[in-house]
There are 2 protein chains.
Amino acid sequence: MLMDKKKVFEYIESSFDKHLNRLQELVRQPSISAENRGVRECAELVKRHLQDLGCDDARLVETSGNPVVYGFYDAGAAKTIIVYFMYDTQPVDEPGWTVPPLDGRVVDMKPFGKCLVARGAINTKGELGAFLNACESITAVGEEIPLNLMFVAEGEEELGSRHLPEFIKKYMDKLKEADAVFFPTADQDQKGKVQMALGVKGIVYFELELDGKGWGYGPTEFDVHGSNKAWVDSPALRMTQALSTFTTKDGNKVLVDGFYDNVIPPSKEDLELLEKLEKTFDEEIIKDEMKVERFIDDVHGKEALLKYLYSPTLNIDGIWSGYIGPGTKTVLPYKITAKVDVRLVPNMTVKEVIPKIRRHLDKYGFKEIKIVELEEGYDWAKTSIRESAAQAIVKTYHELGYEPEIWPHMAGSAPFCMFNRKPLNLPFVEGGVGHGARAHAPNEYIVVEEGGPTGGLITLEKSYVAILDNLSKML
Amino acid sequence: MLMDKKKVFEYIESSFDKHLNRLQELVRQPSISAENRGVRECAELVKRHLQDLGCDDARLVETSGNPVVYGFYDAGAAKTIIVYFMYDTQPVDEPGWTVPPLDGRVVDMKPFGKCLVARGAINTKGELGAFLNACESITAVGEEIPLNLMFVAEGEEELGSRHLPEFIKKYMDKLKEADAVFFPTADQDQKGKVQMALGVKGIVYFELELDGKGWGYGPTEFDVHGSNKAWVDSPALRMTQALSTFTTKDGNKVLVDGFYDNVIPPSKEDLELLEKLEKTFDEEIIKDEMKVERFIDDVHGKEALLKYLYSPTLNIDGIWSGYIGPGTKTVLPYKITAKVDVRLVPNMTVKEVIPKIRRHLDKYGFKEIKIVELEEGYDWAKTSIRESAAQAIVKTYHELGYEPEIWPHMAGSAPFCMFNRKPLNLPFVEGGVGHGARAHAPNEYIVVEEGGPTGGLITLEKSYVAILDNLSKML
C-alpha cells in the first residue's frame, strides 16, 4: 500500500508549533546520565510518547543501570526496523552557554534562523522528538506507517551504553526479527550539505588515578601545605611524568606498545567512498564549527580525512588535582585524576585496550597508577554502502534533491556495534535532513526554522517520513 | 617599671569565654583574599579591635589591593616593636571539613580537648585574637604594655603580600623607628613541644597556561567533541609533555637550567642549630599530622631536615582541564592550566625564577605555554639566634618551662623579608605557646582548652604577655 506522502507533508507543515513543543518538552526534562539527573523521569516521558503514538507494548525495561525504553508499533507490515534512540544527554557544566541549557529556548541564530538551543538539541532529543512527530503525522492523516517499528531508547549512551547489552540479551528473540536498524539523525552541515556516515569508531573510557595512599609516597588523605613538597612526594608531578610517556611531544602519536598493531588500512570500498568524499569535503566549515585554526600538522583534504577516520586516538578528556580556584593557594595535592578516552578503528577491539595501557604504565615504572574503568566501551561498527538499508537512505536524499556526502564512518563513537556486529549482524543506518551542532559543547542547537541554508524541523520530519517509505520498499 | 604579670595572668584566666568569643568573631568574618570575600569587612573588624585596645591612630591604609590595617599603640615606652599580623585566609573549597569552616565551632578533639575548628583558626586569626586579648588583659588590670606597638595587619598574605611593599614604602618613616618585628604564632607541636623558627623560604607563584588560541593548534574557544582528537591537537596532552620536563621521573629533582645555581650550603650557625634540632625533631608527629607514610626517598632524621630546609622546590598546587565531573564526557579540552609554586632558599632570589622557567619552556620547544604571574613573590628571610629579639623569645620559653626546638627557618613562606631584609633590616621573630594545625587543609584548628598535651588559649595569651615583657627588657 502506498503512503500518500503529500497529505502527511501538509500535516507536518501545519503542525510546526505543536511539533516544536514536543522537542522543547524533551530538552526541558533533564536526563544527564553522568550525574543521574532526571534520567528515569525522561524515560517515563519517552514511554508516554510511544504510547501516544500507538505502541501497545511500551515499557521501561530495567537493567543494572538506567532503563531502556522499549516500544513496539505494530503496523501489520511485512518488514520491521529497530529505531534506535538515546534519551540521555551530556552534563551541562561547561561555561559559555548564552541561554540556560535546560530551558528549551528558541533563539534566532545567523544564518540559520530560529534554532532550539539546549543540551540534547542535536544529541539527540531533537531528532527523537522529530521522528516521533513524523510517525504521528502519518497516522494523524489516516495513513499507516509502512514498517513495524521496534523502538529502543537507551539512557546510558553518554556513559558508554554500559547496560545496553543486558537489554539486547533479554530481548534477543524480538530484536532478531528486525530487518535493519535506523537511527534518526540530522545530517546537514552548516551550508546545507547532507552527510551520511556508515559507521562509528569504538571507544574505551577510563580514569587514571594516583594518590599518596596508593603510591605509598605523598599525602594520603588530604592536600597539605605546599611547603612540604621539600620532603613529601607529589602525586601530581608524578602523574605528569606518566602521562607524558603516552604520546610523542606533540601529543599525537601514541607510544603504547602494540597500540597500532590491529589497525588495518582502509578497505577497497572505503577508498572508493573517500575518493568521492574528498571532492565535496569542506574542511573550513568543520574548523569553523569547532573554532580550530588548523588540523594536526596542518594537514588538508584527503590527508586530513585519513587522519580523522583511520587514526586510533588517546585523548585527555579532563584532568584535575589540588586547588583549581582563583588566585593562589599553596597546597601539595594528595591526588590527581585524568579522564582518558581511546578511540578504536578497525580491527582494534575494546578488550585489548586496558591491558595495553596497564602494561605501558608498568613498563615505565608507574605500577602505582590505578586504571578505573568507567564504561564497558564499545567496538567500532560499519555498514556497507551496498546494503539495501543504506541504499534506501541514499535514494531518499536523491528524491529530496540532495546529493549526500558519504563518509565510510564517523570518528565519533556509538553503541551501533551491539546491533551491527555479532550476534545480531543487522545493517545499521542513520539519516535525516536537518542541521544542528555543538554536541558536548556550549550552545548545542538544532535548526527549527525553514528558509536558511539548512532544513528546519519541517524538513527534518518530512525526511524521516520519506526514509520510512523507502526502507519499506527496499528492505 | 615592672609589669605585675600575676595580675595579668589572673585576668586572662577569668576572661576565657570573652576571649574565645573574640577568636570566633574573627573566624566567622570571612576574609578569603583569593576570592575577595569579606576582606574589607574583616579589615574594619580588626581596626575596631585596635581602637578598642586604645590605638589612637588606627586606620585602613589603602594599597592597589587589599588595605593594610595599621594601628599605633603609644605606651610611652622606650622601645617600639612592629606587630605583624595577617587578617586574610585561604579559601574554604577543599572537601573533608567536618564542621562548616566559617562557623567558629568549638569541637572536642582528642587528645587536645576543646578546639576552635575553622578556616583561619591557626593561620592566623586565632593568634591575632589571642594577642589582642593578651594586650587588653594588661591594660584591663591597670598595667601598661611595656612596648609601643606598631600593628601592621595585611590582607593579602595568602596572595603573596602583593601590595605590602606599597604600604611599607608609604610608612617607611614610622616603621624604621621600630626595634624589632614580632609575629604572634602558636608554636607547639601535637605533643606540646615548643618550636621556634628563625626564618622562612621565599616563594614565587604562577600559572602555566596553554590554549588552542595561544598555540595555534587545538580548539581555541571551547571544549569540542572528543572524537576530534584524531585531527585536532590537544593542549592538555601537550602540557603534560611540558610539565614532565620540569623534574626527574619521581617529581623531586628540578631540571630547570640553573635552578640550583644560587643555593648555598647551610651556614655555620644553621649547622649548630641543626645539630641540636636533630635530637628533638620528631618526624612521626609531622608525618601523622599530614597523613604521610614516608618522606621522599624514605629519608629520616637529619637527612630529612636538610631536605626540608635547604631544598628549593617546584610544586604543582593545582591543575585542571576539560571535564572534571562524575562519569564520562568525551571532550577535547581547549585549555589547560597548572598552578605552580617555587620555594626559594638562600641565596636564591624572586627575580631569577620566572626568567629561568621561561628559558626552560623555550629550550624544550614550549614557547606557546604562557606564564601568568599571580603574585610578586617574596624572598627568603632569616634572623640570627644571636639577635636579642630571638634571645627574648628563648628566655620566655625557658621561664614558662619549655626548652624550644629551634629551627633555622621554616619551609613555608611569609613576607618577613619585607621587614627583615633591605631596607628595614629589622630582626623578625615569632613565638607563642599554643597549638594548632592544618593550615590550608580541612579542619584547621587551634587548641583552646587547657589540660591536654598542649597549651590552650589561656597559655597562649600568657605567653604573649611574657614575650612582650622580655622583649621590653632585652631589646
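Predicted model: local features only at pLDDT ≥ 70, side-chain atom pairs only at ≥ 80, totals over all residues.

Across the interface of chain B and chain A, 4 salt bridges are found. In one salt bridge, the side chain of A:Asp93 meets that of B:Lys329, at 3.2 Å from N to O.

How many residues are in contact between the two chains? On the side of chain B there are 100, and they touch 99 residues of chain A. Together the two chains bury about 8300 Å², and 59% of that lies on carbon and sulfur atoms. Within chain B, the residues losing the most area to chain A are B:Trp231, B:Lys249 and B:Thr328, which together account for 11% of what that side buries.

I turn now to the helices of chain A. Helix α1, residues 5-14, and helix α2, residues 16-28, have axes that come within 5 Å and cross at roughly 75°. The two helices α1(A) and α2(A) are therefore roughly perpendicular to each other. Here A:Tyr11, A:Ile12, A:Glu13 and A:Ser14 of α1(A) meet A:Phe16, A:Lys18 and A:His19 of α2(A). By class, this contact has 3 nonpolar, 2 polar and 2 charged residues.

The second pair is helix α3, residues 39-53, with helix α4, residues 125-140, also in chain A. Their axes come within 10 Å and cross at roughly 15°, so α3(A) and α4(A) are roughly parallel to each other. The crossing of α3(A) past α4(A) is left-handed. Residues of α3(A) in this contact include A:Cys42 and A:Leu50, and those of α4(A) include A:Leu128 and A:Glu136. The contact of α3(A) with α4(A) comprises 7 nonpolar, 1 polar and 2 charged residues.

Conventions:
Residues numbered from 1 in each chain as written. Chains lettered and ligands numbered in written order. Heavy atoms only, no water. Axes fitted to C-alpha atoms, helices over the stretch in contact; angles between N-to-C directions. Helix = DSSP H or I, 4+ residues; strand = E, 2+ residues; numbered from the N terminus. Parallel < 35°, antiparallel > 145°, perpendicular 65-115°, else oblique. Left-handed = near helix turned anticlockwise from the far one by under 90°. Contact = heavy atoms within 4.5 Å. Nonpolar A, V, L, I, M, F, W, Y, C, P; charged D, E, K, R; others polar. Buried area = accessible area lost by both parts, 1.4 Å probe.
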